[in-house]
Amino acid sequence: MYIDAHAHILSFEYGENLGKVIESVKNDGEIILVNDVGYDLKSSEESVNLSNRYGFIFSTIGIHPYDADKFDNYALKTLKELAENKKVIAIGEIGLDYYRKITDFTLQKKVFEQQLILSKELGLPFMIHSRDACRDTIEIIKKIGYFNGVFHSFDYGTKEIEEIIGLGLYVSFSGMLTFKKKEKLREAAKVVPIEKVFMETDSPFLAPVPMRGKTNMPIYVKYVYKYFANLKNIDEKELHVKIIENFEKLFGKSKIYLENTRRQRQYV
Ligand SMILES: [Zn+2]
């Protein structure tokens, strides 16, 4: 039973194929949960709507660093209201991106900080996007003093993963783990305890090998699980069980659903 801990199942990403992608998860039967992640208000609202329509879709809402200039009081108020929905399990994706320089870095830090405070106030976990900005990301999390979160599509090294795990945070691996050039990332994955990990697709981006170059979909999360289990030399079934436990622990609002699903499928 697989969980895709981070995907963008949204109209802007899939256009007229959105329905087909959702159907592919439904028909597959082995993907029990997809965390549908927004990056601005419109996509956050869409992910909440989809989560209300489909049992296996859960929603994460927030303003991405690329969209930091869209964060204002209205956005904050809307996110608070959306977060009351029972399928909204986290605030994200939020964070810092110094690689693409799409929005001003000072503004990114301010918007990241405000959304961390929001997630702390709401008692919800947060989902981090961090690129070329590890130091500042960690410093801001420390400043707010709330460590209930996960670095999505983790792409730093061994030293960084040890510090992040040491703070009590989680990391989520995407298809990047399977890419030829990501040796540093694989080294980091080798040292991380499986009690602290998730697997994700970041669909429609980052399709794992052997699907690399194609439009990514939640069903391809299976390749990431398989790759990680091989890398760690662990039984894949053990990884499935562990990740469901991790998910229930960090994303508390998914617990009842996951417990029921496990019971129904006699998978405990
Ligand atoms: Zn993403």
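**Pockets and helix packing in a predicted model**

Biologist: How do the residues lining the largest pocket divide into nonpolar, polar and charged?
Modeller: Keep in mind that this is a predicted model. Asp, Glu, Lys and Arg are the ones counted as charged here. On that basis, the lining of the largest pocket splits into six nonpolar, six polar and seven charged residues.

Biologist: Which residues are the closest to the centre of the largest pocket?
Modeller: The space in question is about 550 Å³, and it belongs to the largest pocket. Its lining has 19 residues, and the ones closest to the centre are Tyr66, His129, Arg131, Asp202 and Leu206.

Biologist: And which element gives the most to that lining of the largest pocket?
Modeller: Start with the volume of the largest pocket, about 550 Å³. Two elements give two or more residues to its lining, α1 (11–14) and β5 (126–131). With three residues, the one that gives the most is β5.

Biologist: Let's move to the second largest pocket: which element supplies the largest share of its lining?
Modeller: This pocket has a volume of about 170 Å³, and it is lined by Leu10, Ser11, Phe12, Tyr39, Asp40, Lys42, Ser43, Glu46 and Lys70. The elements that give two or more residues are α1 and α3 (41–53). The largest share is three residues, and they come from α3.

Biologist: How many of the residues lining the second largest pocket are charged?
Modeller: Asp40, Lys42, Glu46 and Lys70 are among the lining residues, and Asp, Glu and Lys all count as charged. The lining also has three nonpolar and two polar residues, which leaves the charged ones at four.

Biologist: Which residues of α6 does α5 meet?
Modeller: α5 passes α6 in a right-handed crossing. From α5 come Lys109, Phe112, Glu113, Leu116, Ile117 and Lys120, and they meet, in α6, Asp136, Thr137, Ile140, Ile141, Lys143 and Ile144.

Biologist: How many residues of the contact of α5 with α6 are nonpolar?
Modeller: Ile117 of α5 and Ile140 of α6 are among the residues that meet. The contact includes five charged residues and one polar residue, while the nonpolar ones number six.

Biologist: What about α3 and α4: are they parallel or perpendicular?
Modeller: α3 and α4 (residues 73–83) pack with their axes 11 Å apart, at an angle of about 10 degrees. Since angles under 35 degrees count that way, α3 and α4 are roughly parallel.

Biologist: Which α4 residues make the contact with α3?
Modeller: The packing angle of α3 and α4 is about 10 degrees. The α3 side of the contact is Leu41, Ser44, Glu45 and Val48, and the α4 side is Tyr74, Ala75, Thr78, Leu79 and Leu82.

Biologist: Last pair: is the crossing of α4 and α5 left-handed or right-handed?
Modeller: The axes of α4 and α5 come within 11 Å and cross at roughly 30 degrees. The two helices are therefore roughly parallel to each other. The crossing in which α4 passes α5 is right-handed.

Biologist: Which α5 residues make the contact with α4?
Modeller: The axes of α4 and α5 come within 11 Å. On the α4 side the contact is made by Leu76, Leu79, Lys80 and Ala83, and on the α5 side by Gln115, Leu118, Glu121 and Leu122.

Methods
Residues numbered from 1 in each chain as written. Predicted model: local features only at pLDDT ≥ 70, side-chain atom pairs only at ≥ 80, totals over all residues. Heavy atoms only, no water. 1 Å grid on protein atoms, 1.4 Å probe; cavity = no way out; pocket = protein on both sides within 12 Å on 5 of 7 lines; lining within 4 Å. Points joined across faces, edges and corners; volume = space filled by probe spheres on them. Helix = DSSP H or I, 4+ residues; strand = E, 2+ residues; numbered from the N terminus. Left-handed = near helix turned anticlockwise from the far one by under 90°. Contact = heavy atoms within 4.5 Å. Axes fitted to C-alpha atoms, helices over the stretch in contact; angles between N-to-C directions. Parallel < 35°, antiparallel > 145°, perpendicular 65-115°, else oblique.
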